[in-house]
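Subject: Structure handover

Hi,

Here is the structure for you to look at. My notes follow below it.

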Amino acid sequence: MSVFPEDFLWGGASAAVQMEGAYLEDGKGLNVADIQICYKKAAGGGNTNYTRELLNQRIADVQAEKQQQYYPKHKAVDFYHRYKEYIGWMKECGFKAFRMSISWARIFPNADDEYPNEAGLRFYDEVFDELHRQGIEPIVTLTHYDMPLKVVTHYQGWYGRKTIDLYERFAQTCLKRYKDKVTYWIVINQINLIFGESFSSLGMVMDEYEDFTAAKYQAVHHEFVASAGIVKAARELDPALKVGMMLADQLTYAKTCDPQNVKIAIEKNRMKDFFFADVQLRGEYPVYALRYFKERNINIQMEDGDEEVIRNNTMEFLAISYYYSRVVDSDKNDMTPMQAEQNPNLQPTPWEWRMDPLGFYNCLSQYWDRYQVPLMIGENGFGALDTVEADGSIHDPYRIDFLKKHIEQLKECIKDGVEIFAYCAWGPIDIVSSSSAEMSKRYGFVYVDRDDFGKGSQKRLKKDSFYWYAHLIETNGSEL
C-alpha cells in the first residue's frame, strides 16, 4: 500500500517566462527575462550580474528586434496559445496539480500602470478554468523571475522601497481575481537565490551600489515585508487561501569530519537557507544573522511597522526545489555565498550537478525538524540531452532513475512523519532553461522539437518517463 496520503498532489512545475512565449502579446510588457539572449551569445541566462551599460545594451537590442539574435524566452514553447494542449498532456499523465506562475508584466506591464491589463487577467482565468475542467489543482507562484523591466530601470528592483507597494498591488489583484480558482500561492520563487540568480531574482544593477552584497540583503528585507503583507491580505480576503514561501535547497555537507569543516557548513547553511525561512516561518530575524550583518557592516534599514508585519504574518507552508548537493571545505571555502565544491563521492550530470537522492531525505528532514510546517516539492528533476529514435520513441532511463530514487527518499520522509502534500516534477514538458536559455537541457516528460535557436517542427513526443510517471501517479507512489 502507498505511504502517500490519498489526496497527495502529484504533478509538475514550470514558470511563465520559460513556457508561455507571446512575450509582447495582448498588452504584456517587457520583463527581466525578455532581455536575456541566446545562451551561446550571453554570459548565462539568469546568472549575469548586470551593469547599467549591459542592461541598456540588452534593452536596446530587444527594442530594435535585431534579427541576428534569437531570444529563446520570447517564444518559449508557446504555452500562451497551446495551453489546452499542454494541460491535456498533464491530464493524460494523471496530474493532480500543476505549479505555474503568473507573469507580473502580463498583469501590470510597467508595474506602475493605473489599471491592470484585462487581457492578461483573462488569460489566466482561462488557464485556471481549463485546469479545473481536467481535475488539476493549480499551485501558483506570484513571481518567478518575471519582474517588469520598469521596476529595474525606474525603481531599483527590490532594493527600492517603492517595489513593495508595486508588488503588493499586483499580488492583491491576483488574489482577488482568482481566489475562487486558486488555493495554494507561493509568494516569491526561490527567495534565497539572491546570488546565483541575482538579476532575475532582485532586478538590481550591480554598479549602482558601493556594497552590492549589503544592497542585496536590503532588497531581501523588502521582499520579506511585501511577502508578509500578501499573507495578511490573503487572510483578510479568504482564510481558506494557503500562502507559502519557497527555498532553493542549498544545504551543504562538511567535506570531512574536521570540526572546522562542520562549523563552516553550519554557518553557510544558516545564511544560504535557514535565514530566509527563519524570518518567513518564525517571524523574526535570527540572532546569528544579526551577528553576520554586524560583522560585515551590513545595516538593514527598517521602517516602523516592518518587524510587526513580518512577525504577525508568517507563511503557512514551505516549498522546496531540490536538484543536487555540494560540500564545503574550511581550507578552501569561506562564507562567500557561492563558495562550495562538488561532492567527490557523487557522479556528475552533463551539467556538473551531482545527483544525491539521500541529500533529498537529509534536507527535507532538517526543514521539517526545524519548522514543523507542511512541505511541498516545488521542483525536482533531471536535465539531460535526450535523443529521438527513428520510430519517434525517446528512451530516458536516466530521468526515471533520478526521479525514482528521489521519490523513494520522499517515502522515507513520510514514514518519519514529515508532512508533505505535493510533489511537482520539473518540468512536465521541455521548456527553455532559466539559467542558460537552452532548449537542449531537457527536463520534461514530453519532448518538444525545438532547438536552442528556435528551429524545429514543434512536434510533441512522449518520453518513456511519461508512461513511468503516469503509472506512479495511478498507484499513488506505491509502484516505482
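**Helix H14 and what follows**

H14 is followed by Gln-372, which has a positive phi, near 55°. Keep in mind that this is a predicted model. H14 itself covers residues 357–371, 15 residues in total. At 1.5 Å a residue it should span 21 Å, and its end C-alpha atoms are 22 Å apart, so the two agree. Its buried residues are Pro-357, Gly-359, Phe-360, Cys-363, Leu-364, Ser-365, Tyr-367, Trp-368 and Tyr-371.

**The barrel**

Eight strands close into a barrel, with parallel pairing. The order is S1-S2-S3-S4-S5-S7-S9-S10. From one strand to the next, the twist averages 30°. H14 packs on this sheet and touches S5, S7, S9 (375–379) and S10 (420–426). The direction of H14 makes about 140° with that of S9.

Some of the strand pairs in detail:

- S2 (residues 97–101) runs parallel to S3, joined by five bridges. Ser-101 stands opposite Thr-141 in S3.
- S3 pairs with S4 (residues 184–186) in the parallel sense, over three bridges. Ile-139 stands opposite Tyr-184 in S4.
- S5 (residues 242–248) and S7 (residues 318–321) are parallel too, with four bridges. Met-246 stands opposite Ala-319 in S7.

S3 (residues 137–141) is mostly covered, with four of its five residues buried.

**The core**

Which residues have the most contacts inside the largest nonpolar core? They are Trp-185, Phe-275 and Tyr-469, in a core of 158 residues. Helix H10 (residues 212–237) supplies the largest share of this core, 13 residues. Leaving out residues up to four places away in sequence, Trp-185 touches Ile-102, Val-140, Leu-142, Cys-174, Leu-175, Tyr-178, Leu-241, Lys-242, Val-243, Gly-244 and Phe-317.

**H4 against H16**

The axes of H4 (residues 79–93) and H16 (residues 464–474) come within 8 Å. They cross at roughly 55°, which makes H4 oblique to H16. On the H4 side, the contacts come from Trp-89, Glu-92 and Cys-93. They meet Phe-466, Tyr-469, Ala-470 and Ile-473 in H16.

**Met-19**

Met-19 lies in H1 (residues 16–19). Is Met-19 buried or exposed? Its relative accessible area is 3%, so Met-19 is buried; the cut-off is under 20%. Asp-430 is 411 residues away along the chain, yet its C-alpha atom and that of Met-19 are separated by 8.6 Å. Beyond four places in sequence, the residues Met-19 touches include Ala-76, Phe-79, Met-90, Phe-98, Ile-429 and Ile-431. Asp-78 is also one of them.

**Backbone points to check**

Most residues other than glycine have a negative phi, and most peptide bonds are trans. These spots depart from that:

- Asp-78 is not a glycine but has a positive phi of about 60°. It sits in the loop between H3 (72–75) and H4.
- Ala-111, also not a glycine, has a positive phi of about 75°. Its place is in the loop between H5 (104–107) and H6 (118–133). At 1% relative accessibility, Ala-111 counts as buried.
- The peptide bond from Trp-426 to Gly-427 is cis, with omega near -20°. Gly-427 is in the loop between S10 and S11 (446–448).

Best wishes

Note on methods. Residues numbered from 1 in each chain as written. Predicted model: local features only at pLDDT ≥ 70, side-chain atom pairs only at ≥ 80, totals over all residues. Heavy atoms only, no water. Helix = DSSP H or I, 4+ residues; strand = E, 2+ residues; numbered from the N terminus. Expected span 1.5 Å × (residues − 1). Buried < 20%, exposed > 50% of the residue type's maximum accessible area, 1.4 Å probe, protein only. Pairing = 2+ DSSP bridges. Axes fitted to C-alpha atoms, helices over the stretch in contact; angles between N-to-C directions. Contact = heavy atoms within 4.5 Å. Core = buried A, V, L, I, M, F, W, Y, C linked by side-chain atoms within 4.5 Å. Parallel < 35°, antiparallel > 145°, perpendicular 65-115°, else oblique.
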